Amino acid sequence: MRQLKLDQGRRETVLPTTNKKHLPKSCVYCSTTQNLTVEHAPPKLIFPKPRPNDLITVPACEDCNQQGSKDAEYFRLCLAMNPFTKDAPSVVSLKPTIQQSLQRPQATGFLTALLTSLKPDGDDFQLTVDMGRIHLVVRRIVQCLYLHETGTSLPVQTHESRVLSIESLGRMEADRPQKLRDDIITPLMQEPINLYADNQFAYWVTHTNVPFVSAWALLFYGRLPFIGFTGKKVKDPE
Ligand SMILES: [Zn+2]
C-alpha cells in the first residue's frame with residue numbers, strides 16, 4: 001500500500017493472466033487441497049433469495065469456509081443497521097432472514113455480543129460496529145476476488161489483503177484522504193466496472209507491475225464502498 005503507484009506501469013502489467021475458468025484446486029485462504037467447498041465472494045448470505053446466479057465463487061476448504069461464516073453473518077447484520085445500506089431494497093428483503101437467524105438457539109452468544117455493543121443514542125440505540133470484524137470479511141472478499149481475477153491465489157505466507165472503509169478514511173491524517181483519492185481512487189474509477197449479483201455488488205481493480213500488488217474498490221448495493229489492497233504483509237496493525 002505504501003509504495004503503490006497506480007499511474008505507473010499499469011499498461012505493462014506482469015499480472016495477471018486472467019484465467020477465470022481454470023481456478024487452482026486448492027483453498028483460496030490456506031492452499032490445502034483437502035475438503036474443498038465453494039466459497040462465495042461476497043458471502044452469499046448478504047443477498048436475498050432467490051439468490052442471483054452470477055455470484056463469484058472460488059474454492060475454499062471446509063474449515064476456512066466455516067471460519068468466515070459467523071463473521072459474514074455479523075457483516076449482514078451490520079448492513080441491516082448501517083445508515084448507508086439499511087434502506088437498500090436487497091437489505092430490506094433480507095431483514096426477515098436476519099430476524100430468523102437471531103432467533104436460533106445458537107444465536108444466544110451472538111445476541112449477547114450484539115446487545116453489549118448497543119449504546120443509547122437519544123431515544124434510540126446505536127450499534128457500535130466491530131470494524132475489525134467487518135474488515136476481516138471484506139479482506140476475505142478481496143482475497144477471493146484476487147483469485148477470481150488473476151487465476152492465482154495470493155501467497156498467504158508473504159502477502160495479504162487490506163481494507164479501508166469510510167470510517168477509517170475519517171481517522172486518517174488530514175492530507176492522506178486527498179492523496180488516497182489522487183493515487184488510488186481516481187485511477188481505479190477509470191477501470192471498467194465489474195458488476196455481479198444482479199448489480200448488487202460491484203468492484204474495480206488496478207494491478208501494478210509489482211507481483212501481487214493491486215488496488216480494489218468494492219461497492220455493496222450501490223451504496224457502501226470499501227477500498228482494498230493486496231501486497232506484502234506489513235507488521236503494523238491497521
Ligand atoms: Zn483453507
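**Helix pair and open sheet in a predicted model**

Q: What secondary structure does the protein chain have?
A: The protein chain has six helices and nine strands. These are DSSP runs, numbered from the N terminus: helices are H or I with at least four residues, strands E with at least two.

Q: What should I know about the model and numbering?
A: The model is predicted: local features need pLDDT of at least 70, side-chain atom pairs count only at pLDDT 80 or more, and totals for chains, interfaces and linings use all residues. Residues are numbered from 1 along each chain as its sequence is written.

Q: OK, helices. How do the axes of H1 and H2 cross?
A: The axes of H1 (residues 62–81) and H2 (residues 89–102) come within 10 Å and cross at roughly 130°. Axes are lines fitted to C-alpha atoms, for helices over the stretch in contact; angles run from 0 to 180 degrees between N-to-C directions.

Q: Which residues meet there?
A: Glu73, Arg76, Leu77, Leu79 and Ala80 in H1 meet Val91, Leu94, Lys95, Ile98 and Ser101 in H2. Contact means C-beta atoms, placed from the backbone, within 7 Å.

Q: Switching to the open sheet. What is the strand order?
A: The order is E5-E9-E8-E7-E6, with antiparallel pairing. Two strands pair if DSSP finds at least two bridges between them.

Q: Which are the edge strands?
A: E5 (159–165) and E6 (194–196); each pairs on one side only.

Q: And how many bridges join E7 and E8?
A: Seven, linking E7 (residues 201–207) and E8 (residues 214–220) in the antiparallel sense. Phe201 has Phe220 in E8 as its bridge partner.

Q: Which helix packs on the sheet?
A: H4 (residues 131–150), touching E5, E7, E8 and E9 (224–232). The direction of H4 makes about 125° with that of E5.

Methods:
Two residues are in contact if their C-beta atoms, placed from the backbone, lie within 7 Å.
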